[in-house]
Amino acid sequence: MSKSIMKPGPITLDVVGQVLNAEDRRRILHPLTGGVILFGRNFKDRKQLAKLTAEIKKLRPDVLISIDHEGGRVQRCRADGFTHLPAMRKLGELWLAKNKSSHAAESAALAMAAATACGYVLAAELRACGVDFSFTPVLDLDFGRSGVIGDRSFSRDPQIVFALAKSLNEGLRLAGMANCGKHFPGHGWAEADSHVAIPVDERSLQEILNDDAKPYEWLDLSLAAVMPAHVIYPKVDQNPAGFSKIWLHSVLRQELGFEGVIFSDDLSMEGASVAGSVVKGAEMALDAGCDAVLICNRPDLADQLLSKLKVSKAKQAESAIRLNKLMPNSPAPSWTDLQNEAQYQHAKGLLQQLKLIS
């Protein structure tokens with residue numbers, strides 16, 4: 001099944017367990033499928049993960065195998081040698097740690113080096129097991145209001161978030177992995193958790209653009225993908241950002257000039273329920289400017305999407321070109337070879353020296 005025959009579709013879905021069943025295979029082979037997202041339940045150990053990803057690729061070489069693997073409390077693979085990466089707030093704290101032997105610029109430089117090391121270790125370990133892509137980094141600002149974001153954020157300061165995210169992205173890139181900034185234009189102010197509620201952010205467009213959206217603006221060409229927030233900003237649009245042409249087309253595409261992939265956040269989350277049915281949600285997200293829609297933890301809803309979603313050939317072709325750019329374009333070393341690689345050893349050594357990993 002060559003890439004010339006199968007082009008990635010706009011739906012990213014999950015699989016049920018640690019091996020593929022017949023229903024998983026059927027969904028992966030569907031032409032509307034373009035990605036498979038893995039969760040903690042899909043991981044037992046490295047050998048099993050590598051076997052699972054190889055089986056997915058054998059079915060569809062063109063699907064992007066992704067995972068939420070940020071570090072801290074959002075890290076799906078935690079056992080069998082995977083490095084327990086720090087929460088991103090730890091890097092922000094390192095930036096601000098002006099101890100006696102260093103001044104602010106030195107602390108900032110050290111934090112940036114640590115962020116690059118985190119990105120490298122994160123991507124290299126995942127790629128050694130056949131995972132193509134991680135939904136990271138979080139670009140939300142830490143206002144101290146959002147429990148669901150919290151220590152996943154680098155900092156309250158958009159300049160620090162930008163610098164550390166750019167450094168982390170460089171580490172990902174060195175290991176052959178693209179990046180995904182989330183949750184555009186910012187989930188840090190809204191207090192509700194969009195997994196279980198519909199968060200609202202009452203601030204003005206200008207306020208958000210001058211603060212939360214700055215990391216997206218400054219990262220510019222180095223940002224490969226963006227995931228919008230399931231947050232409603234009523235002073236801008238009555239729809240959550242992921243369903244909003246104003247946010248995705250007018251602001252992200254036109255004003256900020258973003259040309260990479262836009263992923264919807266999970267359409268099974270409560271924050272997406274304002275759209276009505278899952279098919280309606282996917283249509284709204286794609287119409288607003290998303291290239292790909294995620295549907296997780298609900299195989300029944302994935303089946304509804306695969307059977308009922310209508311996507312124009314032009315839209316699918318445009319999105320497929322963008323999605324293909326997220327694919328790693330070099331082979332990854334095996335896990336054994338990775339352990340002996342100088343860059344990997346150096347990155348882990350730096351993180352250990354800084355007491356960011358054990």
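1. A pocket is here an open set of points on a 1 Å grid over the protein atoms alone, where a 1.4 Å probe fits, with protein on both sides within 12 Å along at least five of seven lines, and lining residues have an atom within 4 Å of a point. Among the 26 lining residues, A178, L221, S222, A224 and K325 are the closest to the centre.

2. Two elements, α5 (158-174) and α11 (313-324), each give two or more residues to this lining. The most comes from α5, with 4 residues.

3. This is a predicted model, in which local features need pLDDT of at least 70 and side-chain atom pairs pLDDT 80 or more, while totals for chains, interfaces and linings use all residues. Residues are numbered from 1 along each chain as its sequence is written, and side-chain values use heavy atoms, without hydrogens or water.

4. H183 lies in strand β7 (residues 180-184); strands are DSSP runs of E of at least two residues, and helices runs of H or I of at least four, numbered from the N terminus. H183 counts as buried because its relative accessibility is 6%, buried meaning under 20% relative accessible area (1.4 Å probe, protein chains only). Beyond neighbours within four places in sequence, its contacts (heavy atoms within 4.5 Å) include D140, R152, Y216 and D265.

5. L64 belongs to strand β3 (residues 64-67) and is buried, at 6% relative accessibility. Its C-alpha atom is 4.5 Å from that of G35, 29 residues apart along the chain.

Key:
Buried means under 20% relative accessible area, exposed over 50%, partly exposed in between (1.4 Å probe, protein chains only).
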